[in-house]
Amino acid sequence: PPKELMQVDPKRCFGLVITPEKLNNIRKERLIALGLTENAVYAQHTRIEQEIEFFYQVIDNIGCTVIDVTNRAVEETANKIIDILEQDK
C-alpha cells in the first residue's frame with residue numbers, strides 16, 4: 001500500500017472485506033467472462049486467504065474500521081460509512 005495511506009486519519013479510512021468463498025466465486029465468474037479458465041492463481045482459495053490475511057495486517061497498522069461487504073449492496077455500505085462518520089462528529 002502507498003505510504004500516504006498510513007498517514008490518513010484512521011477515523012476517515014475504512015477497510016472493506018469479503019469472505020474468501022464469495023471472492024472466489026466472483027473471481028471465477030470474472031475469469032470465465034474473460035474466456036479464461038477458472039483455475040488461475042487469481043481465483044485460488046489459498047491465494048485469496050493470503051490476500052485477506054495481508055489486508056488485516058495493513059488494517060491493523062492503520063487502525064481503521066473494517067466493514068464486511070460480503071452480502072451488502074454498495075448503497076448499504078455507503079450508508080454504513082456515513083453513519084459511522086456521523087457518529088464520530
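The relation between the first two helices is considered first. Two packed helices are described by the angle between their axes and the distance between the axes. In the predicted model, helix 1, which spans residues 20-33, packs against helix 2, which spans residues 45-62, at an angle of about 125°, and their axes lie 10 Å apart. Because angles over 145 degrees count as roughly antiparallel and those from 65 to 115 as roughly perpendicular, helix 1 and helix 2 are oblique to each other. The crossing in which helix 1 passes helix 2 is right-handed. On the side of helix 1, the contact is formed by Pro20, Glu21, Leu23, Asn24 and Arg27, whereas helix 2 contributes His45, Ile48, Glu49, Glu51 and Ile52. Sorted by class, the residues of this contact comprise four nonpolar, four charged and two polar ones.

The largest nonpolar core contains 16 residues, of which Phe14, Ile62, Cys64 and Ile67 touch the most other members. Two or more residues of this core come from each of strand 1 (14-17), helix 2 and helix 3 (74-87), and the greatest contribution is that of helix 2, which supplies six residues. Ile62, one of the core residues that touch the most other members, is in contact with Leu5, Met6, Pro10 and Cys13 when its neighbours within four places in sequence are left aside.

Although 62 residues separate Glu4 from Val66 in sequence, the C-alpha atoms of Glu4 and Val66 are 19 Å apart in space. Lys11, likewise found in the segment before strand 1, has a relative accessibility of 54% and therefore counts as exposed. With residues up to four places away in sequence not counted, Lys11 touches Leu85 and Asp88.

Thr37 is placed in the loop between helix 1 and helix 2, and its relative accessibility of 53% is the reason why Thr37 counts as exposed. Between the C-alpha atoms of Thr37 and Lys80, which are 43 residues apart along the chain, the separation is 36 Å.

Note on methods:
Residues are numbered from 1 along each chain as its sequence is written. This is a predicted model: local features need pLDDT of at least 70, side-chain atom pairs count only at pLDDT 80 or more; totals for chains, interfaces and linings use all residues. Side-chain values use heavy atoms; hydrogens and water are left out. Axes are lines fitted to C-alpha atoms, for helices over the stretch in contact, and angles run from 0 to 180 degrees between N-to-C directions. Helices (H or I, at least four residues) and strands (E, at least two) are DSSP runs, numbered from the N terminus. Angles under 35 degrees count as roughly parallel, over 145 as roughly antiparallel, 65 to 115 as roughly perpendicular and the rest as oblique. A crossing is left-handed if the near helix is turned anticlockwise from the far one by less than a right angle, and right-handed if clockwise. Contact means heavy atoms within 4.5 Å. Ala, Val, Leu, Ile, Met, Phe, Trp, Tyr, Cys and Pro count as nonpolar, Asp, Glu, Lys and Arg as charged, and the others, Gly among them, as polar. A nonpolar core is a set of buried Ala, Val, Leu, Ile, Met, Phe, Trp, Tyr and Cys residues joined through side-chain atoms within 4.5 Å. Buried means under 20% relative accessible area, exposed over 50%, partly exposed in between (1.4 Å probe, protein chains only).
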